[in-house]
Amino acid sequence: MPVRVGTFWIVPVLSREEFDAIEFGAAFSGDHEAAAQRMSRLAVTGTQTESMARAEAFLRAGEQWLLADDPAAAASGFRLALADGGPVFVDPRVPLARALFLLGKQSEALGLITTLKAEGRRDPRMCDLVAELLVERSDLDGALDWATAGVELCLADRAAAAPPGARLSAAGDRPARGGGTRDGADELSMLLSLRYRIRVDLGLPEDDYDRLLDAAPAKERRPPAGQCLPLGRLSSRARPAQRAAGCCAWSASRTPDPGRR
C-alpha cells in the first residue's frame, strides 16, 4: 500500500512590513480595493504576532476600504477591530464614525464621538483625527473643542515629562502608528496649526495657544491668516506610502495639505 503523505497548510503570519508593502503598492497603483481585499483575508487567516495584532490588521484593511470608496466594507473592518479588542494605533471608533457619516448614519456616528468624549480624551492623536473629521462635517465649534483638548493634553504631557525650562523640541516621544515613535512636539505643533486654522475660519482673535506656534519648528509655524488653506482641504496624517502618492486614508477629499506633514 502506498504511504499517504500528509498535507501541509501554509498559514500566513501578520506582518507590519507586509501591510506596509501592500499600502505602498496601492498608493502608487490606485487599486485600493485589491489592497483592502488582500488585507481583509490576511486579517482573518493570519496568525497575529507581538509586532502586529489582528485588530490592527482589521483597522488597516478598513482604511483601504475607505480609499476604495466602500464605506460599508470599511465599517465592517473597523467593527471587527473593535470587537477583537487588540492593540491599535487609534481607537477604531474614530474611523468607524467617518464610515458611518459616509453611509448617511449621522446619529450613530455622532453617538460614537459623544461616547469618546464622555469616556475622557486622553490621546492627542485621537483628538486631532476627530477634529479633522468634524471640520469635514462643517462643525467648526466641535472641531475647535477637540483640537483644544488635544493641545491641552500635549502641554500636560510636556509639563510632566520635560525638565523645567525645556523647549518645545524637547518634548517626549509618543507611540506612533506602525510601531515607531512620534515626537510630542510634532504632535503639538500639528494640533496647534489645525486649531489656528479653525479659529481663523471662525473669525476668532489670536489667543495664547495660537502664539505657541511661534515657538514651533519653522516648517510647522502658522501661515499668515490670508494664506491659510481652506479647512475643507485639511487632511490627517497618512503613512509614508500614502504621503508619497498624495492620498490620505482619513481625508474624504483625498487632497493632501502641504502645510501639514
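A salt bridge, as the word is used here, is a side-chain nitrogen of Lys or Arg lying within 4 Å of a carboxyl oxygen of Asp or Glu. Side chains of opposite charge can pair when their charged atoms come close.

The structure is a predicted model, in which local features need pLDDT of at least 70 and side-chain atom pairs count only at pLDDT 80 or more, while totals for chains, interfaces and linings use all residues. Residues are numbered from 1 along each chain as its sequence is written, and side-chain values use heavy atoms, with hydrogens and water left out.

The secondary structure of the protein comes to 11 helices and two strands, where helices (H or I, at least four residues) and strands (E, at least two) are DSSP runs numbered from the N terminus. Read along the sequence, these elements follow the pattern α-α-α-α-α-α-α-α-β-β-α-α-α. Of the 261 residues of the protein, 48% count as buried; buried means under 20% relative accessible area, exposed means over 50%, and partly exposed lies in between, with a 1.4 Å probe and protein chains only. Among contacts (heavy atoms within 4.5 Å) between residues at least 6 apart in sequence, 63% join residues at least 24 apart.

The buried residues are Arg93, Val94, Pro95, Leu96, Ala97, Arg98, Ala99, Leu100 and Phe101, and they pack against helix H3 (54–67), helix H4 (71–84), helix H6 (106–119) and helix H7. After H5 comes Gly104, whose phi is positive, near 80°.

What does the side chain of Arg93 make a polar contact with? A polar contact is a pair of N or O atoms within 3.5 Å; within protein, one must be able to donate a hydrogen and the other to accept it, and residues adjacent in sequence count only if both atoms are side-chain atoms. The side chain of Arg93 makes such a contact with the side chain of Glu119, at 2.8 Å, and a polar contact of 2.8 Å also joins the side chains of Arg93 and Asp91. Arg93 itself is buried, because its relative accessible area is 14%. Leaving aside residues up to four places away in sequence, Arg93 touches Leu82, Leu112, Thr115, Leu116 and Glu119.

A nonpolar core is a set of buried Ala, Val, Leu, Ile, Met, Phe, Trp, Tyr and Cys residues joined through side-chain atoms within 4.5 Å. The largest such core has 50 residues, and those with the most contacts inside it are Phe19, Phe78, Val94, Ile113, Val130, Trp146 and Ile198. Helix H7 (residues 124–136) gives the most to this core, with eight residues. A second, separate core of eight residues includes Val151, Leu155, Tyr196 and Leu213. Not counting residues up to four places away in sequence, Val94 touches Leu116, Met126, Leu129, Val130 and Leu133. At Trp146, the charged end of Arg121 sits over the ring, 4.7 Å from its centre; for this description, NZ of Lys or CZ of Arg must be within 6 Å of the ring centre and within 35 degrees of the ring normal.

Arg38 forms one with Glu18, the closest N and O atoms being 3.3 Å apart. Arg38 lies in helix H2 (residues 32–45) and Glu18 in helix H1 (residues 16–29), so the pair ties together parts that are 20 residues apart in sequence. Arg38 is partly exposed, with a relative accessible area of 39%, and Glu18 is partly exposed as well, at 26%.

Another salt bridge joins Arg79 to Glu108, with closest N and O atoms 2.9 Å apart. This pair links distant parts of the chain, Arg79 being in helix H4 and Glu108 in helix H6, 29 residues apart.

Are the partners Asp207 and Arg199 buried or exposed? Asp207 forms a salt bridge with Arg199, the closest N and O atoms being 3.6 Å apart. Asp207 counts as buried because its relative accessibility is 17%, and Arg199 is buried with a relative accessible area of 10%. Finally, Arg16, Asp20, Glu23, Glu56 and Arg60 are linked in a network of salt bridges.
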